[in-house]
Amino acid sequence: MLQLLNITFSCSDPERLAGFWATLLDYEGAPAGDSWIATDPRGEGARLRFNRMEKSETIEVPIHIDVNVPDREAELDRILQLGGQLVETKSHSIGDLSETWTVMRDPEGNGFCIQSPPNTPPHRYIGNVTFSCAEPRQLAAFWTEALGWPDEEIDQGFLQQLRDAGVAERDLSSLHAIRPPNGGRPRFLFQRREKSRPESYPIHLDFRTDDREAEVERLERAGAAVVETKEGQNLTFTILRDPDGNPFCVG
Amino acid sequence: MLSLQHVTFSCDDPGRVSEFWAALLGYGRAAAGSSWLATDPRGEDVTLLFNKMAKSETIEVPIHLDINVPDREAALDRVLQLGGSLVETKSYKIGELGDSTTIMRDPEGNGFCLEDPPNTERAHIWNITFACAKPRELGRFWALALGWPDVDIDESIFQKFRDAGVGEPDISGFHLVRASNGSRPRFYFHRREKSRPESYPMHLGFATDDREAEIERLVQAGASVVETKQGTNLTFTILRDPEGNPFCVG
């Protein structure tokens, strides 16, 4: 099985970007060679890594982060002070269901969302890693197998509410989430959304595993494709692509 | 110059889709061979043409229609009764600016938007909206093609965005062109990743006085020619705009 090690940003100024995200999430930033790492002092949240690496321009990012915060409006102002930018605050409603979130950009232009869902804990944390994809259920099935996370069935009552509001069958399958079995975070959220297909992804995921070679074979059978295996100083890792073309690393 | 003649839908069932759109917009409709036409009896708004033609599945449609209605909630119910479906109602807010749109689908899944700005007396097609990489540049191409003025967006709106914390490239994320006499529809361009289907579910058909001269002019402006077809009554050329959107000139 894979375990999430890092959410990795390709950036032109790792120290600056690590500082932004560490402050935003109440993490601690530290240099690691040419890179920077930001970790949750509570030991709960996913680790962020900032590498000085090429990235392509995107219109719609293939992978982004959703940050849950106690107070979205206050957070918006705070993020602007930290050097982030606003895209827009969006609300959507379908029948009686509704949700509001604010789309922002970090200092290097990476889009992310902030939201304050009900019963949010009193601290900031990464709620979702969100993938834009053509078929949310299919891509979620791959990641369920890769991570050994149980498939989260969508509540039938919820689907019926959407149907009653006039949503067609195809749009009912436009969202799917999987989450760690122990209620850990972040969830992986898959939404049907056209995305840019950049040469170099601005964000990718790094995983660790006990037996890299066996794991890579298993992932290939599940639908991943191997790009290449690289020998670092202390670590050998393999770059793969998931069935939708999103790159990830297994070390 | 081009003048917009039709918004053309590729359909599995032209009769059914034309019925939906005619009822929604208060248009009359008539069969034209295996196609259907829906026209505004008042002669004000753009004619819709429904062809039986292959279309590819899309996630984000490259071109869609924005419909203005007197009452968005009532129109939502009406669309559902006519056989459409709901995607979602979306609101956005940037500082003081804000707006609400209901996204729906016609019976063949074509996405479109409903809005209800003040003083809207009846349902009509307000925008033809293009998802594109470069709104300003694509807008300029279409202004040139249609002989419409090439006017920048009011700088005070950009300043409101800046004051709310919006940065580049989001400030220049949209552009708008319209005829100088204010006639409808407007052409709206927003920066949005779009599907690039083999066969577009919707495209625009234009008329012109001198097709060959016009095509030369459009190619100089950045369009590319796909092919010229000879119909029984009409010769027309299929082109693509600088971002690959197909359109016909007859």
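Modeller: Let us begin with one pair: B:S85 has B:R105 as its bridge partner in β7(B). This is a predicted model, in which local features need pLDDT of at least 70 and side-chain atom pairs count only at pLDDT 80 or more, whereas totals for chains, interfaces and linings use all residues. Residues are numbered from 1 along each chain as its sequence is written, and chains are lettered from A and ligands numbered from 1 in the order in which they are written.

Colleague: Which residues count as the side of chain A that touches chain B, and how are they classed?

Modeller: Contact requires C-beta atoms, placed from the backbone, within 7 Å, and by that test 26 residues of chain A are in contact with 26 residues of chain B. The largest share on the chain A side, 10 residues, comes from β6(A). By class, that side has nine nonpolar, seven polar and 10 charged residues, where Ala, Val, Leu, Ile, Met, Phe, Trp, Tyr, Cys and Pro count as nonpolar, Asp, Glu, Lys and Arg as charged, and the others, Gly among them, as polar.

Colleague: Why are β2 and β13 of chain B said to stand at the edges?

Modeller: In chain B, eight strands form an open sheet of mixed pairing in the order β2-β3-β4-β1-β12-β15-β14-β13. β2 (28-32) and β13 (224-230) each have a single partner strand, so one side of each is left without a neighbour in the sheet. Neighbouring strands are turned by 25° against each other on average, direction ignored. Within this sheet, β1 (residues 3-11) and β4 (residues 47-52) of chain B pair in the parallel sense over six bridges, and B:F9 is partnered by B:F50 in β4(B).

Colleague: What angle does α1(B) make with β3(B)?

Modeller: Axes are lines fitted to C-alpha atoms, for helices over the stretch in contact, with angles from 0 to 180 degrees between N-to-C directions. Helix α1 (residues 14-25) of chain B lies across β1, β2, β3 (35-39) and β4 of chain B and runs at about 5° to β3(B).

Colleague: Why is α5(B) described as lying largely in the open?

Modeller: A residue is buried if 20 or more other C-beta atoms, placed from the backbone, lie within 10 Å of its own, exposed if 12 or fewer, and partly exposed in between. Of the 10 residues of α5 (residues 211-220) of chain B, one is buried, so this helix lies largely in the open. B:G222, with a positive phi near 120°, follows α5(B).

Colleague: What makes a group of residues a nonpolar core?

Modeller: Its members are buried Ala, Val, Leu, Ile, Met, Phe, Trp, Tyr and Cys residues joined through C-beta atoms within 7 Å. The largest such core has 55 residues, and B:F50 and B:W142 are among those with the most contacts inside it.

Note on methods:
Contact = placed C-beta atoms within 7 Å. Helix = DSSP H or I, 4+ residues; strand = E, 2+ residues; numbered from the N terminus. Pairing = 2+ DSSP bridges.
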